[in-house]
Amino acid sequence: MNNQLTFTLTLEPLTLDEQSYFEDDLTHLGLDATVWEILNNTLATSTAYTVPKLLRAYAANQLVGVALVLHCRQGMKAFFAEPLATIVDPVGIPQFVWNRSAVMVDQYSNPGFVVAGFDRNVFVEKALHYLQRRYLFGVLLCDKNSPPAGTFVRSSLMDYGIIRLDSAMVLDEVFARHKNLKRKLNKFRNKGGSVKTFRGALPKNLLEPILHCLRQAEVHSMGKTPFQDNYVNMSLQSFHSSNQNVVHFVAYLNDNIVGYHSFALSGQQLCCLSGGFDRTQTTTFHAYENLIVESIAFALEQNLSVINYGSIINDTKAKMMQDYVPTEVRFYSPLAPVRWLFPTIINNSFWSPALLEPYTNLATKVVSTSGEN
């Protein structure tokens with residue numbers, strides 16, 4: 001059964017009947033059906049160049065695996081340096097993007113879900129083989145320790161930050177790692193700062209200032225993703241969702257919104273869907289740290305087991321994390337000459353190990369000191 005699979009790659013969302021096949025896997029992963037709403041909502045978005053699709057695997061006509069994969073047609077600027085990106089992008093060469101590093105982070109990451117008794121590693125291997133037959137190239141973002149699947153070229157990536165809530169003292173542990181955190185929390189409050197929590201759809205009057213923070217995050221990002229043109233559309237789905245398991249933490253300074261983080265609460269996990277800060281401000285007086293502390297306090301109140309924060313891209317976030325997933329990007333192509341070119345191309349792209357080096361393994365590099373700012 002594990003060796004004979006057929007696949008489809010469509011825009012069709014996962015039906016309630018299909019969702020029921022994966023209940024055991026969600027329980028195993030510490031999740032619940034909120035996952036399907038987030039992934040199906042992402043499936044409802046698209047642009048001319050980015051189309052989320054659902055990959056289904058069948059064994060003997062029985063559904064045994066699903067994964068959300070992004071079909072991208074103009075993502076060269078995410079990977080390749082000029083002038084190659086500008087030359088190739090207008091051609092619109094299709095590529096696939098599958099993020100297996102987390103669940104629901106950035107609205108689309110997923111490990112690939114399987115029915116009870118089916119080997120996830122077999123599903124992943126067969127799925128990648130199928131995708132390579134359909135695309136000239138593609139990328140898989142995953143835990144560095146994930147079993148190898150297919151032939152690929154690997155490169156370093158930012159680690160994913162995690163806080164495990166297996167102790168009521170976890171906030172004390174965060175304060176111990178981040179020596180000046182209490183001072184920063186007090187400074188934020190003394191400057192008129194506060195954090196408000198919203199569940200379900202965001203109030204309409206908050207949408208524009210929060211979208212401003214999100215767009216600022218895109219502008220100041222160290223690189224671009226192949227699906228950058230659809231990212232706001234994907235985020236809007238969570239902003240409009242009436243599901244009370246979608247939680248937004250919004251930072252204010254004197255009644256002005258200066259940052260936010262949106263999460264999905266699923267089973268025992270809180271997963272960061274998106275976030276951003278108003279970079280047009282001279283300072284937000286440590287709104288970032290305050291949002292993270294607020295999310296930890298919320299998760300403890302909800303008796304959750306883990307918070308997934310996404311990529312660790314700065315020292316501040318690294319100091320706030322308790323654990324991390326060491327990640328990498330694996331480049332795939334069915335053509336050996338393309339795979340042979342990948343190392344040279346990567347070294348001259350936004351994914352260059354030299355450019356990413358300051359952001360990789362931050363969780364192990366950062367040492368809290370009394371001289372923090």
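**Entry 1: the model.** I am working from a predicted model. I started with the charged pairs, since side chains of opposite charge can pair when their charged atoms come close. I found six salt bridges in the structure, and I looked up three of them one by one.

**Entry 2: Glu18 and Arg56.** Which residue does Glu18 pair with in a salt bridge? Its partner is Arg56, with 3.0 Å between the closest N and O atoms. I then checked where the two sit: Glu18 belongs to helix 1 (residues 16-20) and Arg56 to strand 2 (residues 50-59), so the bridge ties together parts 38 residues apart in sequence. Are these two side chains buried or exposed? Glu18 has a relative accessible area of 13% and is buried. Arg56 is buried too, at 4%. Both values fall under the 20% cut-off for buried.

**Entry 3: Arg154 and Glu328.** Next I looked at Arg154, whose side chain meets that of Glu328 in a salt bridge of 3.0 Å, N to O. This pair links distant parts of the chain, with Arg154 in strand 7 (residues 152-156) and Glu328 in strand 15 (residues 327-332), 174 residues apart.

**Entry 4: Arg164 and Asp323.** How far apart are the closest N and O atoms of Arg164 and Asp323? I read 3.0 Å for this salt bridge. Arg164 is in strand 8 (residues 160-164) and Asp323 in strand 14 (residues 323-325), so parts 159 residues apart in sequence are tied together. I have both down as partly exposed, with relative accessible areas of 35% for Arg164 and 25% for Asp323.

**Entry 5: helix 8 against helix 11.** I finished with a helix pair. Two packed helices are described by the angle between their axes and the distance between the axes. For helix 8 (residues 181-190) and helix 11 (residues 287-301), I have an angle of about 105 degrees and axes 9 Å apart. That angle makes helix 8 roughly perpendicular to helix 11.

Which residues of helix 8 meet helix 11? I listed Leu181, Lys184, Leu185 and Phe188, facing Ala287, Glu289, Asn290 and Val293 in helix 11. Sorted by type, the residues of this contact are five nonpolar, one polar and two charged.

Methods
Residues are numbered from 1 along each chain as its sequence is written. This is a predicted model: local features need pLDDT of at least 70, side-chain atom pairs count only at pLDDT 80 or more; totals for chains, interfaces and linings use all residues. Side-chain values use heavy atoms; hydrogens and water are left out. A salt bridge is a side-chain nitrogen of Lys or Arg within 4 Å of a carboxyl oxygen of Asp or Glu. Helices (H or I, at least four residues) and strands (E, at least two) are DSSP runs, numbered from the N terminus. Buried means under 20% relative accessible area, exposed over 50%, partly exposed in between (1.4 Å probe, protein chains only). Axes are lines fitted to C-alpha atoms, for helices over the stretch in contact, and angles run from 0 to 180 degrees between N-to-C directions. Angles under 35 degrees count as roughly parallel, over 145 as roughly antiparallel, 65 to 115 as roughly perpendicular and the rest as oblique. Contact means heavy atoms within 4.5 Å. Ala, Val, Leu, Ile, Met, Phe, Trp, Tyr, Cys and Pro count as nonpolar, Asp, Glu, Lys and Arg as charged, and the others, Gly among them, as polar.
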